[in-house]
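Work through the exercises below with the sequence and the model side by side. Try each task before reading its solution.

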Amino acid sequence: MTAPTTTRPKAGRAQPSGLVPPRKPLITLKRREALAAWGFVLPALLGFLAFFVWPALSGLYYSFTDFDLLTAPEFIGLDNYTRLAADPLFWNAIGTTSYYVAINIGLQTVLALGIAVLMHRLTQSMVIRGIVMLPYLIANVIAALVWFYMFDFQFGIVNEVINAIGLDRVAFFGESDWAIPTVALINVWRHMGYTALLIFAGLQTIPKEVYEAGAIDGGSELRMFRSITLPLLRPVLAMVLVVTVTGSFQLFDTIAVTTQGGPVNSTRVINYYIFDMAFNRFDFGYGSAMALALFVLLAAFTFIQLRLTRANKSDLG
Amino acid sequence: MTLTTAAPELASTTEPSPPKKAPRRKKPRLTVGRFFAWAALVAVMLITLIPFYWMLRTSFSTSTSLGSDPGSPFPVDFTLGAYERVLGLATPAEALAEGGSGASINFWAYLRNSLIVATVTTIGQVLFCSMAAYAFARLQWKGRDLVFSSFIAALMVPPIFTTIPNFVTIRELGLLNTYAGIILPTLLMTPFAVFFLRQFFLGISREVEEAAIIDGAGPIRRFFQVILPLGSAPIATLAILTYITSWNEYFWPQLVGREEDVRVLTVALGVFRSQTPQGGPDWAGLMAATLIAALPILILFLFMGRRVINSIGYSGTK
């Protein structure tokens with residue numbers, strides 16, 4: 001019974017060549033196209049294998065080794081992971097990073113949504129969009145340095161203003177309680193306009209008629225925002241959140257040029273801790289283990305976010 | 001998902017076209033609500049712009065005088081000294097007098113390094129990624145979907161995870177503190193660039209390419225004579241985005257290119273910041289340096305702003 005069934009598709013495929021004269025040129029054309037395709041992909045594929053696949057595999061391997069860069073990696077099994085589980089600085093870094101992400105994303109998303117809706121309802125001006133986006137174009141390092149100066153305890157304009165209205169000066173970067181919110185604020189400044197434009201792009205996909213219908217029904221702006229904008233924007237907002245949260249976890253530049261993890265580890269975020277472990281203390285094995293832990297954490301986070309926000313389902317139509 | 005749906009719309013809007021005037025409707029009444037909405041938007045723009053003004057104001061000040069009047073909205077003790085210092089036009093004595101460091105700063109060298117790194121990265125990445133994107137979007141070959149989905153999967157990997165082994169690779173190749181070491185990891189591809197271009201190439205009309213096939217054009221000729229000209233708008237957009245990203249990159253170049261002769265501007269600014277020539281940082285010099293470092297991108301934005309802004313729906317994946 002089985003023999004005929006397995007041979008049948010084969011026979012079916014052979015059939016056309018038996019009835020129709022063989023079309024040789026087509027086959028060579030297909031071959032030629034496939035060959036050209038591999039040629040086109042080759043450089044990118046090489047780059048992918050050398051700088052994405054290979055490092056991902058060796059990073060996985062390093063995470064099970066003791067590796068100081070000078071001698072060959074030595075396999076130590078799960079030691080790095082048991083060390084990680086018991087390392088208070090690792091958990092501090094996870095906590096610090098989460099705290100930063102919470103402030104940064106919370107504030108940034110609310111502000112960006114506000115800016116996007118304002119622009120959507122008020123103006124299509126390219127100039128205004130350009131201005132709003134401006135901070136995103138300059139390097140993290142530059143944004144960090146400017147605010148580092150503006151937030152300076154003695155010479156910063158922010159403290160001058162605080163002083164002028166009769167309050168006490170704040171050591172924005174020097175006090176443990178202030179450091180992470182300050183870094184978060186700087187990055188909110190840099191990203192809110194850009195995020196607003198992402199949301200704005202989403203707003204423009206909402207058909208105008210929906211708003212016109214809403215206006216005819218006598219809905220106020222606030223009512224329309226709640227009943228039309230928010231529900232229809234949900235898939236876009238969800239995607240924006242996934243992208244900004246993932247990006248927010250990568251915080252490094254701002255820390256590196258301002259606090260460098262201090263004061264007392266209060267800004268030692270995970271990326272900075274991994275960097276410090278690998279490139280200052282040459283503990284590449286442990287650094288890799290932490291990087292892998294971050295990867296798993298982020299993947300889980302993204303998965304949960306996508307599930308919770310039903311990002312791939314639109315309410316429109 | 002959102003990204004895919006945005007594709008056709010973007011393809012048309014990236015064409016540099018004169019600003020489209022919306023059909024004139026009745027002017028909206030200026031209600032109290034609209035007034036406050038505008039006020040909020042203006043406040044946002046002010047918050048955005050003030051730090052830029054503060055850079056400018058500080059860069060025209062004398063560092064040693066800044067402390068005496070830190071709240072002044074205008075330059076304190078107006079001078080071009082900070083720029084002269086940064087660009088190496090001031091003598092060490094002049095620099096010291098205005099609160100700078102007596103040591104020479106190779107600003108021109110850093111600028112040159114940034115230009116080289118950003119330019120080579122952009123040309124390589126855009127060329128190789130458009131080639132790959134063409135193969136993914138338009139050619140039939142075995143393994144296409146597998147290779148493409150593994151490219152896309154790489155978007156998920158946090159950069160720090162691949163950075164550690166990449167550093168080992170670059171070190172073993174003997175490329176630490178070379179341009180090649182800084183450029184190589186992003187020269188051939190980034191998953192984003194391939195994804196971005198493939199979306200656009202999918203949207204290019206097949207008829208033109210089929211006409212070329214009938215004319216006997218092979219895949220290579222079709223790529224250069226059909227796809228590249230028709231896809232020039234998104235390719236230019238990607239080039240600008242890549243240039244900006246590369247120009248602003250800090251993490252990787254400070255790992256593999258700390259030495260003077262390959263040091264890029266962002267890394268140099270980090271080093272500059274940690275110098276405290278006379279007890280405190282040379283704020284005027286630092287602000288002048290940040291402004292000059294940001295200038296090329298700001299100029300690029302001035303000319304290409306519309307293209308960059310229109311590409312935003314996409315760059316979200318970055």
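Two residues are in contact when they have heavy atoms within 4.5 Å of each other. The model is predicted: local features need pLDDT of at least 70, side-chain atom pairs count only at pLDDT 80 or more, and totals for chains, interfaces and linings use all residues. Residues are numbered from 1 along each chain as its sequence is written, chains are lettered from A and ligands numbered from 1 in the order in which they are written, and side-chain values use heavy atoms, with hydrogens and water left out.

**Exercise 1. Describe chain A and chain B in turn.**

Step 1. Take chain A. It has 13 helices and two strands. Of its 317 residues, 51% are buried.

Step 2. Check the record for chain A. An unreviewed UniProt entry lists residues 94–307 as "domain: ABC transmembrane type-1". Positions follow the numbering used here, feature names are shortened, and annotations may be inferred rather than shown by experiment. This span is 77% helix and 0% strand, and its end C-alpha atoms lie 23 Å apart.

Step 3. Take chain B. It has 17 helices and zero strands. Of its 318 residues, 53% are buried.

**Exercise 2. How much area do chain B and chain A bury between them?**

Step 1. Read the value. The two chains bury about 8,400 Å², 81% of it on carbon and sulfur atoms. F161(B), I164(B) and W283(B) supply 9% of the area that chain B buries against chain A, more than any other three residues.

Step 2. Count residues. The contacts involve 93 residues of chain B and 93 residues of chain A.

**Exercise 3. Which side chains meet R222(B) in salt bridges?**

Step 1. Apply the rule. A salt bridge is a side-chain nitrogen of Lys or Arg within 4 Å of a carboxyl oxygen of Asp or Glu.

Step 2. Cross the interface. One salt bridge is found there. R222(B) pairs with E33(A) at 3.7 Å, N to O. This pair runs from helix α2 (residues 24–62) of chain A to helix α12 (residues 219–230) of chain B.

Step 3. Stay in chain B. R222(B) also pairs with E209(B) at 3.2 Å, N to O. E209(B) lies in helix α11 (residues 206–214), 13 residues apart from R222(B).

Step 4. Join the pairs. Salt bridges with shared partners link E33(A), R138(B), E209(B) and R222(B) into one network.

Step 5. Check burial. E33(A) is buried at 17%, R222(B) at 5% and E209(B) at 4%.

Terms used: Buried area = accessible area lost by both parts, 1.4 Å probe. Helix = DSSP H or I, 4+ residues; strand = E, 2+ residues; numbered from the N terminus. Buried < 20%, exposed > 50% of the residue type's maximum accessible area, 1.4 Å probe, protein only.
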